[in-house]
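Q: Could we go through this structure together, taking one feature at a time, with the general idea before the particular case?

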Amino acid sequence: MHVSLRSGVYADSVKLMQVSKTVGARDGVVAVLVAMATPLNLELAAGMGLSPEGDPKPDQLLIALRATDDAELAAAVTAVEAALTAREERGSADAIPPRTLGFAMGEDQDVPLAVISVPGPYAVAEAMDAVAAGRSVLVFSDGVPVEHEVALKQAAHEAGVLVMGPDCGTAIVSGVALGFANVVRPGPVGLVAASGTGAQQVSCLLDMAGVGVSHVLGTGGRDLSAAVGGLATLDALRMLDADDATERVLLVSKPPAPEVAAEVTRTAAELGTVFSSAALSADSPDLTAAVEALLRDMGTEVPAWPTRAGADRPTPAGAVLKGFYSGGTLADEAMLVAAPALGDVRSNTPLKPELDLGAEFGATGHVVVDFGDDALTVGRAHPMIDPTLRLEAVAGLAASGEPAVLLMDVVLGYGADPDPAGALVPAIRDLAFPVVVALVGTEGDPQGWSRQADALAAAGAHVFASNSAATRFALDLIGASK
Amino acid sequence: MSNLLSGRPAVVAAGVDVFSDALRAQGVAVTDVEWRPPTIGSADDLTQLALDPRRAAANRVAVERVLASRSTLTDVRPASDVLGLSGRILLHSGPPLTWETASGPMRGALMGACLFEGWADTPEAAEQLLASGGVELDSCHHHRAVGPMAGVTSPSMWMWCLTDPTDGRQAFSNLNEGLGKVLRMGAYGPEVITRLHWMTDVMGPILQAAVRSRPEPLDVTGVLAQMLQMGDEAHNRNRAGSLMTLRELSPAIVAVDAPKDDIAEVLRFIGGNEHFFLNLGMPSAKLAMDAVGSIPGSTMVTTLARNGTEFGIRTAGTGDRWFTAPANTPVGLFLGDYGPEDANPDIGDSAIMETYGIGGFCMAAAPAIVRFVGGTVPDALATTERMYQITLQENPAMQVPILGFRGAPTGIDVLSVARTGWLPQINTGMAGRVAGTGQVGAGLVQPPAACFEQAVAALAEESRAALA
């Protein structure tokens, strides 16, 4: 037992409780009280059987210890000394990182855009922070319930900001590429796009024509459905109309629901900016044609879209079309272009429900597979990043011996594989049948259109900057073009 | 609204890193959100609340009412007068409870109050009386009152009367008994009862005369604001506040027509109790939170309170409804030989200070307090920084010097708590779990997440019904 009183040493009660705790945590210590000798603390000490002798004063420090043996007791007294003189960390907190979008945005209106890629069920809560703060938001996440999308977009409309998405993979804002987007020269054409790879194809062709884009505003694939009613599309059209850098507006989409199409037409008629539409359908199956029409309308010469000739492999007799795509809209366009020539094309994203391929990617006959379909990207990166699934399908096709012409897309730009040709070349260079590649990108892209095109051509692929041109070339090889 | 197309945008990003990386590669300024999947509330309920068009305005109204409230000390009166308590009724802290569910210190305090009121002559008789349902029990919060720890308030006890000068609303708290073996910590021995009688017979009337004699009522909100400049967070550290109160009241106390010895004893009692101010701070915070009332669509917390068994919260959007769950046990430092096994679960209405945005929320103003959990000064700053992320606004009247005089994080938002996963930080005393023990330590505690889970579900349900 050690009980001592010390004068001229003051420490506040918190510090002393902390010292008691530190020393009390030692194995050999049975009881400890380090406290100023106030009546309350003396009472506590008495209760522990550790009363000091003499006449303690409240300004004296009481050190009272009981330990298992003398050695432990001596060590404990030393530990009290150490704890009393220990220096604490000084004050300065590392910044606490923001856990919500709202807190991260703060009051700084210089940050006009939020990008959200959290899991779909939680995306709207984050997106509403942006809308409430008067900022636009790009929601890359998919799996957002449609009623939440509608509510979010209505709130955004009222706040005068834009919601791009959900499931918006592509946008360009003042030259900044968001998600999967290309390095496109600045220009007078503003795109409103419900389709990601469609917007990429169009913006890349505009770049190659020397025209360029002002902005590419994505809307999410469901925006032009009857349920959503084109809320983001209409707001994006008005935004581009008010933008000084935008002289033309082009809408890139699948066919809107009829009532939504009417609304879009009405709104477009009110714009001061010239509006045109590239809505992909059986009647207008060709994004390249839409771009060419726009160029002619602008009085710009339509260039010869870049190509590279591949190996002169003979088309096997009875060859079928195998379209292995990473871009959903590009797959649609290929089917729309091919259908009149080939008849039925089966697909996991078919033009007609009865042509659904399910998961039978090795099925015989004319087949177009969209490897970027949501059903195939659950728990796996998009094929623009991870080519594994598509390479397996190519190997499977080669092994099957089915006579075929292989049509593929390769999409460049931000977000995509840094060297997609590098991954494809080993898979295609030894194939016996023709390979046709739609290479969507620009010279300015990190991967560089020509570098990728040359590598693919050297491996035997016929390369086209236009997906519809690539598709028609493949049909020519099959001998089915009209 | 900021114009998206006016130039190369700076971006805030929540989610996978590749997007931020790609933007930085283009030279874009990116702020990353350290997003975590919420563990409180379903995704559907959180989205429902996020999308509720009433929420922003309702929360703005709620927190503005808090900020607009002022508290002045206008009177000291017995609870029987001021709360209209008559017959055998005892108020207690936290959500409603019964004798059967009451914890040790709560039982001890209730027994002590029966002895003090003369409803029973012995602790055994008091226990029997309470167990037989002979005393009505109700929450302080249901009577515009708050009480620290057990918060037991009986009809004869004298109450501080705090008034909001702008609208005349009032809130009340009993008088603080000091430290050690005291009723609010569950002690009921003879010294506890003797002290309560002295407070009733001597101190109450002297304080009443003193408070009534002041030319201007004491501005308690102003004292709270000064405390934050002086190292108090006004929950677990009230030293500066207690001294300021003594300074403000002592001239009037000395002038009261009462025996000199009584006046000296009152001054000695106040001066010897560094938590004396707590019972003035709490009803001031209560006054501010009561100003909120019921506001459909608001997700702001109006009450955090514990009764030693359960933690209860209430929100502006759900009004008087309590969301309760078993209370956590505080973590901290212990007096003398006491240890964690001696501590009762969280108890007291004093979390009204955190509800109001100070106490644990202003830990940065009182670095001395963080050491209760063996923490550091940076921990104190970090705690307050986190609380900014779960609250609606900064209170310009309550400033934290070390944070550049930033206002206290005020108005706990249930939705933000759920989304961040950060629970409110409360500083608290610890009562012994055995009735009669008294205080065993002090430390830090958080509400159980289950309270917020229930609140999220109820708010979302109300939202769906209201918007249908």
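Q: How many residues does the largest nonpolar core have, and which have the most contacts inside it?
A: A nonpolar core is a set of buried Ala, Val, Leu, Ile, Met, Phe, Trp, Tyr and Cys residues joined through side-chain atoms within 4.5 Å, where buried means under 20% relative accessible area, exposed over 50%, and partly exposed in between, with a 1.4 Å probe and protein chains only. In this predicted model, local features need pLDDT of at least 70 and side-chain atom pairs count only at pLDDT 80 or more, whereas totals for chains, interfaces and linings use all residues. Residues are numbered from 1 along each chain as its sequence is written, chains are lettered from A in the order in which they are written, and side-chain values use heavy atoms, with hydrogens and water left out. Here the largest core has 97 residues, and B:Leu90, B:Trp160 and B:Ile358 have the most contacts inside it.

Q: Which residues are included in the second, separate core?
A: That core of 62 residues includes A:Met105, B:Phe311, B:Ala351 and B:Ala382.

Q: How much area do chain B and chain A bury between them?
A: The size of an interface is often given as the accessible area lost when the parts come together; buried area is what two parts lose in this way, with a 1.4 Å probe, summed over both. Chain B and chain A bury about 6100 Å², 66% of it on carbon and sulfur atoms. B:Leu4, B:Leu5 and B:Arg371 supply 12% of the area that chain B buries against chain A, more than any other three residues. Counting contacts, meaning heavy atoms within 4.5 Å, 61 residues of chain B touch 73 residues of chain A.

Q: What is the count of salt bridges between chain B and chain A?
A: Side chains of opposite charge can pair when their charged atoms come close, and the rule used here asks for a side-chain nitrogen of Lys or Arg within 4 Å of a carboxyl oxygen of Asp or Glu. Between chain B and chain A the count is 2, and B:Arg419 and A:Asp129 meet in a salt bridge at 2.7 Å, N to O.

Q: Are A:Glu149 and A:Lys153 buried or exposed?
A: A:Glu149 is buried at a relative accessible area of 1%, and A:Lys153 is likewise buried at 2%. Their closest N and O atoms are 2.8 Å apart in a salt bridge, and A:Glu149, A:Lys153, A:Arg222 and A:Asp223 are linked in a network of such bridges. By contrast, in the salt bridge of B:Arg24 with B:Asp32, B:Arg24 is partly exposed at 39% and B:Asp32 is partly exposed at 31%.
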